[in-house]
Amino acid sequence: MASEQITLYDLRSKGPNHAWSLNPWKTRLLLNYKGLDYTTQWVNYPEIKPLLEGRCVLIAPNARDAQRRLTHRSVPPNAEGYPYTIPAVKLADGTWLMDSRAIVSAIEERHPSPSVHLSSPYQARIEALVPAVMKALMPVLYAQIPRRLLEPASTEYWYPVRGAKVGMHVDEFEAKHGGEAAYAAAEQPLRDITAMLEENGDGPFLQGAEVCYADFVWVAFLEFVRRIGDDVYGEVLARTGDRAVHEKLMEAAGPWLKRNDH
């Protein structure tokens with residue numbers, strides 16, 4: 001009989017090891033909220049491809065939605081174009097999945113209660129705004145992640161791969177485009193997210209009193225920058241136009257953020 005336990009594959013950090021990365025946090029929040037039994041296996045970046053190759057089948061990005069409707073065993077590369085990516089999970093029935101969006105679709109289908117309301121109109125809106133914030137802050141994040149979070153094995157991977165993506169060493173990228181310029185560029189999408197959180201006066205979640213997966217997408221981002229450092233987290237909150245609504249959201253999500261090291 002197959003184990004009922006899910007295995008979550010998450011990215012290591014230098015000690016003490018705690019969850020830090022944006023996309024794995026989406027899945028961890030989901031599992032914690034639904035109260036599902038899972039164990040975490042931690043990996044460094046060079047271990048991802050050997051772990052997932054032959055277990056997760058890649059498909060063309062333009063087939064993403066159609067394939068997800070047909071099967072949860074085949075999943076596409078993530079939005080950044082890396083063919084193998086974390087988070088990944090091994091479900092209780094032996095199915096391997098990667099990509100946080102594919103994972104939530106499969107888990108919501110298998111464990112519909114409590115629902116995370118993937119059909120919420122906030123889902124598409126937050127999935128458009130978070131990448132805009134990420135793109136603006138990339139010069140800051142790409143430089144600070146290896147300095148503050150990664151173990152040496154992942155650092156050796158990070159610099160050439162991310163440097164190739166931006167066309168220069170990430171430290172040069174930070175020097176040219178980071179700091180005030182990056183935070184200023186992030187300000188408008190951050191304020192747009194604030195406006196979303198303020199649409200429903202009941203709060204603290206986007207839908208009011210009831211949490212949805214769109215909340216987890218944003219909470220995951222905020223926890224990600226908080227793990228990078230209080231300076232980055234504070235600067236992000238300062239650019240939102242109303243840090244209080246984000247702090248209230250993080251407080252409300254606190255029970256699902258507690259499990260961060262196993």
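I began with the contacts of Ser100, leaving out residues up to four places away in sequence: Ser100 touches Asn23, Lys26, Thr27, Pro87 and Tyr213, where contact means heavy atoms within 4.5 Å. Ser100 lies in helix H4, residues 100-110. Helices (H or I, at least four residues) and strands (E, at least two) are DSSP runs, numbered from the N terminus. I found Ser100 buried, at a relative accessible area of 8%; buried means under 20% relative accessible area, exposed over 50%, partly exposed in between, with a 1.4 Å probe and protein chains only.

On the source: this is a predicted model, in which local features need pLDDT of at least 70 and side-chain atom pairs count only at pLDDT 80 or more, while totals for chains, interfaces and linings use all residues. Residues are numbered from 1 along each chain as its sequence is written, and side-chain values use heavy atoms, with hydrogens and water left out.

Next, the whole chain. I noted 12 helices and 4 strands. Of the 262 residues, 54% count as buried. Taking contacts between residues at least 6 apart in sequence, 72% join residues at least 24 apart.

Then the core. A nonpolar core is a set of buried Ala, Val, Leu, Ile, Met, Phe, Trp, Tyr and Cys residues joined through side-chain atoms within 4.5 Å. The largest one has 87 residues, and Leu52, Leu137, Trp218, Phe221 and Phe224 touch the most other members.

Ala185 came next, in helix H8. Ala185 is partly exposed, with a relative accessible area of 46%. Its C-alpha atom is separated by 7.7 Å from that of Leu137, 48 residues apart along the chain.

Last, the packing of H8 (residues 180-197) on H11 (residues 243-252): I noted an angle of about 65°, with the axes 9 Å apart. That makes H8 roughly perpendicular to H11, because angles of 65 to 115 degrees count as such, those under 35 as roughly parallel, over 145 as roughly antiparallel and the rest as oblique. Axes are lines fitted to C-alpha atoms, for helices over the stretch in contact, and angles run from 0 to 180 degrees between N-to-C directions. Ile193, Thr194 and Leu197 of H8 meet Val245, His246 and Leu249 of H11. I sorted the residues of this contact into 4 nonpolar, 2 polar and no charged; Ala, Val, Leu, Ile, Met, Phe, Trp, Tyr, Cys and Pro count as nonpolar, Asp, Glu, Lys and Arg as charged, and the others, Gly among them, as polar.
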